[in-house]
Amino acid sequence: MTGRPFGTAALAVLLIAMVPRAADCTTSPSGKLSIEAKLDTDRVAPGEAATLTIEIRSEGLSLPDVSLSPLPGVAVDRSGTEQNFSMINGRVTRTSTTVYRIIPRTEGVVNIPPLRVTVAGDKAETSPLTLTVSRGAGARARAALRANLPPGTAPPGTPEIFVKATVDRARVFWNQQVILRLRLYSRVDVIGDVDWKPPSANGFWTEGMGPPRQGRVRMNGVEYAMMEIPTALFPTRTGALTVGPAQIRCRIARVVQPPDPWSMLAMPDVVPQDVTLGTDPVTIVVDPLPGGAPAGFEGAVGDYRLSLHVDGLTAHAGEAVAARATVTGTGNIATVRDPEIRARGASRQYVVGSSSHTDRSGDRLAGQREVDVAFVADQPGALEILPVKFVWFDPEAGRYRSQTSDSVKVAVLPGTGGGSGPGLVSTRGLAIAALRRGRGPQGSLSLDPPAGSTVLFGCSIVAFGAGVVTGRRRTRLSSDPRSVRLRALEALLARDLARAATVAAAGEPAKAAALAEDTLLAGAGLRHDAELAGLARGERGERLRSRGASEDGIAAIEALLASLDAIAYAPPETRSKDARHAIAAVRETLDRYRKEMGA
């Protein structure tokens, strides 16, 4: 192949190809001031962005600014401004380049009015620009441009950064799990942390799904970095419910091209830009649960399994037999009511405690709910833990389901306090030893006690009495509900809250806050002898008032719960610190409960 020089015709074709689709440049009569406005495209679809670049040149030290007036039905985002100056033969020229993103909301024609600048009486202005907005224009333009663009190049009008809210279901049953995903898409560098402001969700119980998740995706052939915050929503009312708009604030690195692309020294400039983005509201239709709910249904909706565990099949009279019912599955586990555990043959029973553990690591909110009940039989015989039943609504199958455990029989043996045993002979009177006629090797055998045995017998009686008192005290404490609750509260401090502190120190503040929230609810329930987990705020307050809690105490609990809930949405740089402070406040509250219960 024979080479040939790059001719004038080829250069002209190249220059024509680089000219923006819509542009207008005017210079003042003196030639010292000029302004140019150009659009990167003249046709877009609703919701797509066109880039408007405004360039001002001025000879001298004064450089005027220009702003774009609001446009009806159009979102205008000022992306950044870059300024440069040059000196040639003593003449100073200053240049300003400002970039706007024009995002029309509806079809039609967007008219951009003339832009004017003035310096010391010298004036320059642009002619009006027009942008055609139609649903088919954007798709056709993108298809035509994409066919001729180099690989990895985004077509004009492709958004650099945007946010979107989606739900996995638009129609659900009452209390059925809905996953709301807030996603930030960006093909520009995000500087620092992203500040997420959650949407309003009136009519929903909300549960965070942990820290933001990141990855890379392709949309319409363009690769984006994606950051996602998932949230589990559980509707508490029926009808059409709306999730309000969410807001995201972040800072991006805007690359501004130099005004003279032919200059050998021209280098792109990086300008930080603060960006605020919002999502559109999302409407979810909530249907009521079908009628005909079986007996025992208390509002659980999801996919669950029931298991029953008894700590032994034999026990002595007066000893406690513990039974634990566990409900595991996906759904709003915090609102699942404890299954009822009953027994036949028990002299008394008491609830040792209940707890819920939530798993936020997957695509659905899951977890388990546990309740422990202790039964005591005072007489030998049989203690039977009756079948435990759990009923729930399966939204995927659209029907009610139930599961019933088997009964468990526990053999109750005589108490360990003593009794007649093999080889012992007892009579209604004194135990008589056979008298010996003669003197034995150790002396005479008589009914009188040997010397010093009286003192030994007295000491034995005292020791036996102390053992009886201690045993009775232990039995009384093991059967005293207040004492049982106090020990359960101490276990919360030593186990669950310590685990929350460890998780916070490991860099998982959202998970630590969830653990601390469960611990606080369990501790407050133990202090006031009330089951609080799974209750709404109003129901929780009424339950505490009925148990004698003060208004100040209830307000303190709700404030602490609110601060724990907010940690999942706090700025990343403050989450760990906030979690540590909240856990310390929970510890202080539970310590106060422990002292009040032990007084």
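1. Two strands are said to pair if DSSP finds at least two bridges between them. Strands themselves are DSSP runs (E, at least two residues), as are helices (H or I, at least four), and both are numbered from the N terminus. In this sense strand 8 (residues 116-119) and strand 9 (residues 122-125) pair antiparallel over four bridges. Within that pairing, threonine 118 has lysine 123 of strand 9 as its bridge partner.

2. On the basis of the note: the model is predicted, so that local features need pLDDT of at least 70 and side-chain atom pairs count only at pLDDT 80 or more, while totals for chains, interfaces and linings use all residues. Residues are numbered from 1 along each chain as its sequence is written, and side-chain values use heavy atoms, with hydrogens and water left out.

3. The chain as a whole. The protein chain has eight helices and 31 strands. Of its 599 residues, 39% count as buried; buried means under 20% relative accessible area, exposed means over 50%, and partly exposed lies in between (1.4 Å probe, protein chains only). A contact means heavy atoms within 4.5 Å. Among contacts between residues at least 6 apart in sequence, 69% join residues at least 24 apart.

4. Other residues with positive phi. Most residues other than glycine have a negative phi, and most peptide bonds are trans. Asparagine 175 has a positive phi, near 70°. Asparagine 175 lies in the loop between strand 12 (171-173) and strand 13 (178-186), and is buried, with a relative accessible area of 7%. Aspartate 529 also has a positive phi, near 55°. Its place is the loop between helix 5 (509-528) and helix 6, where aspartate 529 is partly exposed at a relative accessible area of 41%.

5. Three strands form an open sheet in the order 3-10-7, with mixed pairing. Its edge strands are strand 3 (43-44) and strand 7 (108-112), each of which pairs on one side only. Strand 7 pairs with strand 10 (residues 129-133) in the antiparallel sense, over five bridges. Opposite valine 110 stands leucine 131 in strand 10.

6. Aromatic pairs. A pair of aromatic rings is described by the distance of the centres and the angle of the planes. Rings of Phe, Tyr and Trp (its six-membered ring) pair if their centres lie within 6.5 Å; planes under 30 degrees apart count as stacked, over 60 as edge-to-face and the rest as tilted. The count by this rule is nine aromatic pairs. Phenylalanine 173 and phenylalanine 393 form an edge-to-face pair, with 5.0 Å centre to centre and 75° between the planes. This pair links distant parts of the chain, since phenylalanine 173 is in strand 12 and phenylalanine 393 is in strand 29 (residues 389-394), 220 residues apart.

7. Which residue of this pair is buried? Phenylalanine 393 is buried, with a relative accessible area of 0%, while phenylalanine 173 counts as partly exposed at 21%. Phenylalanine 393 also forms an edge-to-face pair with tyrosine 400, at 5.1 Å centre to centre and 65° between the planes. Phenylalanine 393 and tyrosine 400 are both buried. One aromatic cluster is formed by Phe173, Phe297, Phe393 and Tyr400.

8. The surroundings of serine 96. Serine 96 is placed in strand 6 (residues 91-104) and is buried, with a relative accessible area of 4%. Its C-alpha atom is separated by 5.7 Å from that of glutamate 82, 14 residues apart along the chain. Leaving aside residues up to four places away in sequence, serine 96 touches Ile54, Glu55, Ile56, Leu63, Thr81, Glu82 and Gln83.

9. Contact of two helices. In helix 6, Arg537, Arg540, Gly541, Leu544 and Arg545 meet Glu551, Ile554, Ile557, Glu558 and Leu561 in helix 7.
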